[in-house]
Amino acid sequence: MEANEHEHVIEVTGLRRVYGGGFEAVRGIDFSVRRGEVFALLGTNGAGKTSTVELLEGLAAPAGGRVRVLGHDPYTDRAAVRPRTGVMLQEGGFPSELTVAETARMWAGCVSGARPEREVLALVGLESKAGVRVKQLSGGQRRRLDLALALLGDPEVLFLDEPTTGLDAEGRRDTWELVGALRDGGTTVLLTTHYLEEAENLADRLAIMHEGRIAATGTPAEVTASEPSRITFELPEGYFVGDLPPLAELGVSEHTVDGRTVRLRTRELQRAATGLLVWAQGAGAELRRLDVRSASLEEAFLGIAKDASAGTTGTAATKEYAA
Ligand SMILES: Nc1ncnc2c1ncn2[C@@H]1O[C@H](COP(=O)(O)OP(=O)(O)OP(=O)(O)O)[C@@H](O)[C@H]1O
């Protein structure tokens, strides 16, 4: 396979998943991931992230739509896809009596051209635990073992379902570094996560799922830009909000006043901030505790989830930002 960076390694079109009782967990989603990208699926609980990833891994057949991984259908053409992918499930479920090294060795037996166990254990910082039984590992160490096993076949595409859940801050940082290094080495990574900071740090592009649909997709910066920025300051004594220039003319969409503290929300940060500062300069007014900031991914996520719950987004209204 040619290593073409523009090649879509994962392609998902109109994908649906329906469970036994008729519940539609994935309701027609589209996205694609290019070679060497880290793509994050974010979402509220039960949004359909795991249901989607399982379809990409070929663990179930879709109820509708199409999935291609490395150009193949991962369900019907499993033999072509599986050796080139690495999968880290949410629950590894290893025999707890085996040691870490034995588990890696057993797993390596199922992988063609597996890397040496020691090498993958070193990658995830578990070399010193090689002789320890799996049942004696902490939750975070088990997640690292899950990751080590996913890396045994030196995969072109890596699926990580909540890779850092249960890890402490240091373990999370180490995993981020490792995923970054894998990406730099050309591995394509699709991950699900509850940690917005993780997506902000790692993802080249992301999709936010809500109730089986994609509510927003784009780079972290593009998705963040969909939420209004904020300006906060304290008015000096003797000044009132009515003394400010007309806020609507500055592109301010909302404002609140709490004592002397004024909070503005705007989608035109430069225009609003400039108008405010020019006014303050002219009036000789000092705006104390002035704080001007773009929305965080967390704010964008909460805003999108709120809109989606209120029925103002959906397939037709998916926010999509050009990559
Ligand atoms: N085997 C199943 N049978 C019926 N419904 C299921 C099954 N597995 C998942 N679901 C439902 O499908 C929906 C999506 O679940 P899924 O696990 O894909 O969500 P998620 O986004 O990964 O959630 P979380 O962030 O909580 O892990 C949920 O409402 C869940 O209850």
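A: Domain bounds here are taken from an automatic or database domain assignment. The chain is divided into domain 1 (8–96 + 154–224) and domain 2 (229–293), and their C-alpha centres lie 42 Å apart. The model is predicted: local features need pLDDT of at least 70 and side-chain atom pairs pLDDT 80 or more, while totals for chains, interfaces and linings use all residues. Residues are numbered from 1 along each chain as its sequence is written.

The part to look at is an open sheet of three strands in the order 2-1-4, with antiparallel pairing. Strands (E, at least two residues) and helices (H or I, at least four) are DSSP runs numbered from the N terminus, and two strands pair if DSSP finds at least two bridges between them. Strand 2 (24–34) and strand 4 (64–69) are the edge strands, each pairing on one side only. From one strand to the next, the twist averages 15°; axes are lines fitted to C-alpha atoms, for helices over the stretch in contact, and angles between N-to-C directions run from 0 to 180 degrees.

Strand 1 (residues 8–18) pairs with strand 2 over eight bridges, in the antiparallel sense. In this pairing, His-8 stands opposite Arg-34 of strand 2.

Helix 1 (residues 49–56) lies across strand 1, strand 2 and strand 4, at about 120° to strand 1; contact means C-beta atoms, placed from the backbone, within 7 Å. Helix 1 also gives the largest share of the shell around the ligand, three residues. The ligand is surrounded by 13 residues, the closest being Tyr-19, Ala-25, Lys-49, Thr-50 and Ser-51; a residue is near if its C-beta atom, placed from the backbone, lies within 6 Å.

Definitions and conventions: Two residues are in contact if their C-beta atoms, placed from the backbone, lie within 7 Å.
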